[in-house]
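Here is a short report on one protein model. Look at the chain first, then read on.

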Amino acid sequence: MSVDTVSLTGWGRTAPTTAVRFRPRTYEEAAAVVRGRGPRGALARGLGRAPGDAAQNAGGSVLDMTGLDRVRALDEEAATVRCDAGVTLDRLLRILLSRGLFLPVVPGTGRITVGGAIGSDVHGQDHPGAGSLARHVDALELLTADGEVRTVTPGTALFDATTGGLGLTGVILSAALRLKRVTTPLVSVSTERATDLDDLLARFTAAGSDRSPYASAWIDLLARGRATGRGVLTRGEHAPSSVLPAHARRTMRAPRTVEPDRRPTGPLLPGGLLGRTATALLNEVRYRSAPRARTGELRTTAAFFHASDALPDANRLYGRAGLVRYRFTVGYGQEETLHRVVRRISARRCPAFRAELQRFGAAGAGLLSFPAPGWTLAVDLPAALPGLARFLDGLDDEVAAAGGRVCLAQDARMRPETAAAMYPGLGAFRELRAELDPTGAFRSDLARRLAL
Amino acid sequence: MKDAFGAPQSLLVLGGTSEIALATARRLIALRTRRVWLAGRPSPALDAAAVELRDRGADVRTVAFDALDPGAHEEVLGKVFAEGDIDVVLMAFGIAGDQARDEEEPLAAVRVAQTNYTGAVSAGLVCAGALQAQGHGSLVVLSSVAGERARRADFIYGSSKAGLDTFAQGLGDALQGTGVQVMVVRPGPVRTRALAGRPEQPLSTTPEAVAGAIVTGLRRRSETVWVPGSLRVVMSALRHAPRPLFRRLPL
């Protein structure tokens, strides 16, 4: 087990703090770290993709879980997989696809670990139908404060606290997931352009729109006037094998060896490229180059779900101060709030390149789980923008007034009182934590900041 | 914890009656700061400062602290840190002294040096250790442009600030990679209430301006902050002026 002292940040590269990082390779080593923790506690960390401080523990121990990366059992008949928490979704997807299987929920990046995905209860573009990841978890192995490993199953209070629990109930060591079957590794994509936000929302909910399970839209937040909130809506469904030519159908499921990921990593791009003008230009090009309406385009799953992963270190584009992600949800019927938020961002001319609108279905049982029925918008903004802190506080107030909430796992700046107002499950979560872990063995900077 | 914009939730002010420190505290309370410790010699002014900040919605506590008693620093500051994380420590104590009198009375000059330099070294090291243990935080050190180059008019004060400035720079380098940021703030002559009525000096500034620069510096995680910013350029020229010339300058 390697041990070092490192300065850690989230994907947003804001608010660095220092911790002792352990990299356990077995469950026993992980348990030893938790038992031997110092007064500032321990916390599991995956690939550090949370934009904020969810996977940081200043002055304490951080367990880098990427060393625990074995796929323990894959049952092709029952379509289930049991794997360590440090397995990345990218790798798992490649293994599963070669066997005609697929993850039940695919978030916007593949470069996260299974443990991290459960800890933040990730959702995919098909949330209205599939729910968040917790709905597809059969069992978890959780390392708790006493250094023991417990098996946690759905329906228990500990399960509901752990899924979406931001690693504060313990260290997830492994998970058993229910999978779904696909016949091809391709997605049949339809694209349509919407001229403003009303048009976009109408297209989202248009009749027959539930035929394609996956739907998400990019919003041009720099468009002004009548075009405010214009965007490009992309839907997808897993392509049936009939769309493939005959020879491809035979070889489709053939490759059993899994190619290692050869995409480049490392700082390839100079920082601070995304200014207001550059972003406005890029957005204009992106909007105009999207087809007005196109159906039946075939894309690989990687290109459809994880197009943004193709650009390594995209977070560096936001400059030295880093980026802040603002992800919130407001219920159906609160479209006026969504309009207002979009208008405010657009009026402020924030250089927002990544801005993603999706729909949520029924909420899960996770106490701190983010998804709730309604619309969700995620925007990446450069942290260096003057006055951004106060601007986002203002958006918080709008969202809270509409009964919505801001995503905890992606937060880096909320006020503790706002978080408490947005998450009614927080009281129960605190009680359970106080009972299970009275000494506060599992702590994070996020939990300290928001007094979770 | 500090948020993504460097706004702290807890603040410890050493020299709790300093105008710059209180202006900074007011700004930080308007952002995220909820817990404030004011450390200083017990006085009505310290209590009044606490009351004023309390009215702005912060949980303010005072603690007796004397820069001239370094033996007690460890104990006093240790108690503060034991009560919870401190996100920003603002070292704002210091005395300007009276150059003319101090030249006549060596003991008075020593008092300036002990307050501004040795007191700050002791308190700075204690705070740095505590911040390092918690793995995050900023130590903001109020230096002065007077420490950048010795002037006939205030070299006793200037030399103490020069020592402090060098100490803080070195401490910042020593703490690289520990998660602790040391920020050196070099204001020009500050128009405080104590100096009201004196003739205005060039490139002077106000406590409010210094406070604004400190908040910005925390957001940008700066290592050195000049107030006003143009001082950086002016001083980089003055630093290299030959001494016969510098002596003749009307500074």
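## Terms and model

Two residues are in contact if their C-beta atoms, placed from the backbone, lie within 7 Å. Residues are numbered from 1 along each chain as its sequence is written, while chains are lettered from A and ligands numbered from 1 in the order in which they are written. This is a predicted model: local features need pLDDT of at least 70, side-chain atom pairs count only at pLDDT 80 or more, and totals for chains, interfaces and linings use all residues.

## Around Ala130(A)

Leaving aside neighbours within four places in sequence, Ala130(A) is in contact with Pro104(A), Val105(A) and Gly124(A). Ala130(A) belongs to helix H4 (residues 127-130) of chain A. Helices (H or I, at least four residues) and strands (E, at least two) are DSSP runs, numbered from the N terminus.

Ala130(A) is buried, because 20 other C-beta atoms lie within 10 Å. Buried means 20 or more such atoms within 10 Å; exposed means 12 or fewer, and partly exposed is in between, with C-beta atoms placed from the backbone.

## The sheet

Chain A has an open sheet of five strands, in the order S5-S6-S10-S8-S9, with antiparallel pairing. Two strands pair if DSSP finds at least two bridges between them. Strands S5 (71-75) and S9 (149-152) of chain A stand at the edges; each has a single partner strand, so one side of each lacks a neighbour in the sheet.

Six bridges join S8 (residues 137-143) to S10 (residues 171-178) in chain A. Glu141(A) stands opposite Ser174(A) in S10(A).
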